[in-house]
Amino acid sequence: MSHFTRVRTALRDADLLVTALAEVGFTDVEQHGAPQTLYGYQGDARPERAEVIVRREHIGKLSNDIGFRRGDDGAFEAVISEYDGSAYDNAWLTRLTRAYGHAAALRYAQEHGYDVQSDVSEANGTRRLVLRRYT
């Protein structure tokens, strides 16, 4: 049984986190108002709990759940097992954080009347988003 590691993030909005998870490949994500139990690769309940959860069946046969638990300051901590930490490491968290930022920018644009003129992902991970608002 591998243990779960907690990694602090700056992500605070659960809806944007779910959108970002979809952008990095996880379209089946649970979002709860209260922390729920995470499960290990054998289906065993673990003591770790989280509000945003990618269940193991959506990750891989031998994987554990990946969770995001809200901390006292409102930011989420990623709760990732030692086994899954090789695939879902700091580089993955960086991609997730970029996807979160992109989702936040799009939501801001929509809420403030901007149109997306272009949205281009470049090979080096840079994202160019051009917004325009007609007044």
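Helix α2 (residues 90-111) makes the greatest contribution to the lining of the largest pocket in this predicted model, supplying 3 residues. A pocket is defined on a 1 Å grid over the protein atoms alone as an open set of points where a 1.4 Å probe fits, with protein on both sides within 12 Å along at least five of seven lines, and lining residues have an atom within 4 Å of a point. The volume of the largest pocket is about 190 Å³, a volume being the space filled by probe spheres set on grid points that are joined across faces, edges and corners. The lining is formed by Glu23, Val24, Arg95, Arg98, Ala99, Ser121, Glu122, Gly125, Thr126 and Arg127. Divided by class, these comprise 5 charged, 3 polar and 2 nonpolar residues, where Asp, Glu, Lys and Arg count as charged, Ala, Val, Leu, Ile, Met, Phe, Trp, Tyr, Cys and Pro as nonpolar, and the others, Gly among them, as polar.

The model is predicted, with local features requiring pLDDT of at least 70 and side-chain atom pairs pLDDT 80 or more, whereas totals for chains, interfaces and linings use all residues. Residues are numbered from 1 along each chain as its sequence is written, and side-chain values use heavy atoms, with hydrogens and water left out.

The chain contains 7 strands and 2 helices, arranged from the N terminus in the order β-α-β-β-β-β-α-β-β. These elements are DSSP runs numbered from the N terminus (helices H or I, at least four residues; strands E, at least two).

Strand β3 (residues 45-54) has 7 of its 10 residues buried, that is, under 20% relative accessible area with a 1.4 Å probe and protein chains only. Strand β3 runs antiparallel to β2 (residues 30-39), to which 5 bridges join it; strands are taken to pair if DSSP finds at least two bridges between them. Within this pairing, Gln31 has Val52 of β3 as its bridge partner. The hairpin of β2 and β3 has 5 residues between the strands, and Gly43 there adopts a positive phi near 85°. Strand β3 is also joined to β4 (residues 66-70) by 3 bridges, again in antiparallel orientation, with Val54 opposite Ile66 in β4.

Over the whole chain of 135 residues, 33% are buried. The C-alpha atoms occupy a box of roughly 55 × 30 × 25 Å along the principal axes. Of the contacts (heavy atoms within 4.5 Å) between residues at least 6 apart in sequence, 46% link residues at least 24 apart.

Conventions
Buried < 20%, exposed > 50% of the residue type's maximum accessible area, 1.4 Å probe, protein only.
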